[in-house]
Amino acid sequence: MNIETTEINGFLIDTFNQYGLEEGKAQGICPLCSPDRKPKNEKAKCASYDWTRGIGTCHNCSKPFQLHTYKRKGASEKVYVRPEVAIHNPLSEKVIEWFKGRGISEQTLTDLKVTEGS
């Protein structure tokens with residue numbers, strides 16, 4: 001079996017076999033629940049590994065897990081841009097009357113800075 005150790009589905013592998021499992025084996029222990037099991041069941045082969053896709057599934061705790069860690073694609077720092085303040089038109093009488101019909105006063109609209117625009 002040929003196991004890819006650098007890339008899976010276009011994702012670069014950062015740490016291959018992050019749990020130190022037996023490479024190439026189809027079954028083995030679960031890294032998530034085996035340490036918490038009773039000593040007689042601690043080494044029981046309760047998980048299936050899919051080395052070509054880089055995932056494993058435990059049949060005891062029913063949890064999937066990643067066999068490897070992956071590198072981030074692109075920039076790791078996200079740059080946030082503050083939105084520009086737009087100048088909005090004041091409310092027309094038609095809009096004020098529409099809100100009054102629903103029990104919302106003109107003072108409430110002013111306090112909440114409700115504006116009108118397309």
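These legends go with a handful of close-up views of a predicted model.

Local features here need pLDDT of at least 70 and side-chain atom pairs count only at pLDDT 80 or more, while totals for chains, interfaces and linings use all residues. Residues are numbered from 1 along each chain as its sequence is written, and side-chain values use heavy atoms, with hydrogens and water left out.

**View A. Four strands make an open antiparallel sheet.**
The strand order is β3-β4-β5-β6. Because β3 (27–28) and β6 (64–66) sit at the edges with a single partner strand each, one side of each is left without a neighbour in the sheet. Strands are DSSP runs of E with at least two residues, helices are runs of H or I with at least four, and both are numbered from the N terminus; two strands pair if DSSP finds at least two bridges between them. Going across, β3 and β4 share two bridges, β4 and β5 share four, and β5 (residues 55–58) and β6 share three. To find your way, look for Q27 with its bridge partner S48 in β4, Y49 with its partner G56 in β5, and G56 again, opposite F65 in β6.

Buried means under 20% relative accessible area, exposed means over 50%, and partly exposed is in between (1.4 Å probe, protein chains only). Four residues separate β4 from β5 in the hairpin, and G54 in the turn has a positive phi of about 80°.

**View C. Aromatic rings gather around F65.**
Ring pairs link F16, Y19, Y49, W51 and F65 into a cluster. Rings of Phe, Tyr and Trp (its six-membered ring) pair if their centres lie within 6.5 Å; planes under 30 degrees apart are stacked, over 60 edge-to-face, and the rest tilted. That rule gives six aromatic pairs. Y19 and F65 have ring centres 6.1 Å apart and planes at 85°, so this pair is edge-to-face. Y19 is in the loop between β2 (11–15) and β3, 46 residues from F65. Y49 and F65 are also edge-to-face, at 6.4 Å centre to centre and 75° between the planes. F65 is buried at 5% relative accessibility, and Y49 is buried at 9%, but Y19 is partly exposed at 35%.

**View D. H68 is tucked away in a loop.**
H68 is found between β6 and β7 (69–70), and at 0% relative accessibility it counts as buried. Its side chain reaches the backbone nitrogen of N17 at 2.9 Å. Beyond its neighbours within four places in sequence, H68 is in contact (heavy atoms within 4.5 Å) with residues including I8, F16, W51 and G54.

With a disulfide taken as a pair of cysteine sulfur atoms within 2.5 Å, the count comes to zero. For C33, the nearest cysteine sulfur is that of C58, 3.6 Å away. For C61, the nearest is again that of C58, at 3.5 Å. C33 is buried at 10% relative accessibility, while C61 is partly exposed at 24%.

Technical notes: A polar contact is a pair of N or O atoms within 3.5 Å; within protein, one must be able to donate a hydrogen and the other to accept it, and residues adjacent in sequence count only if both atoms are side-chain atoms.
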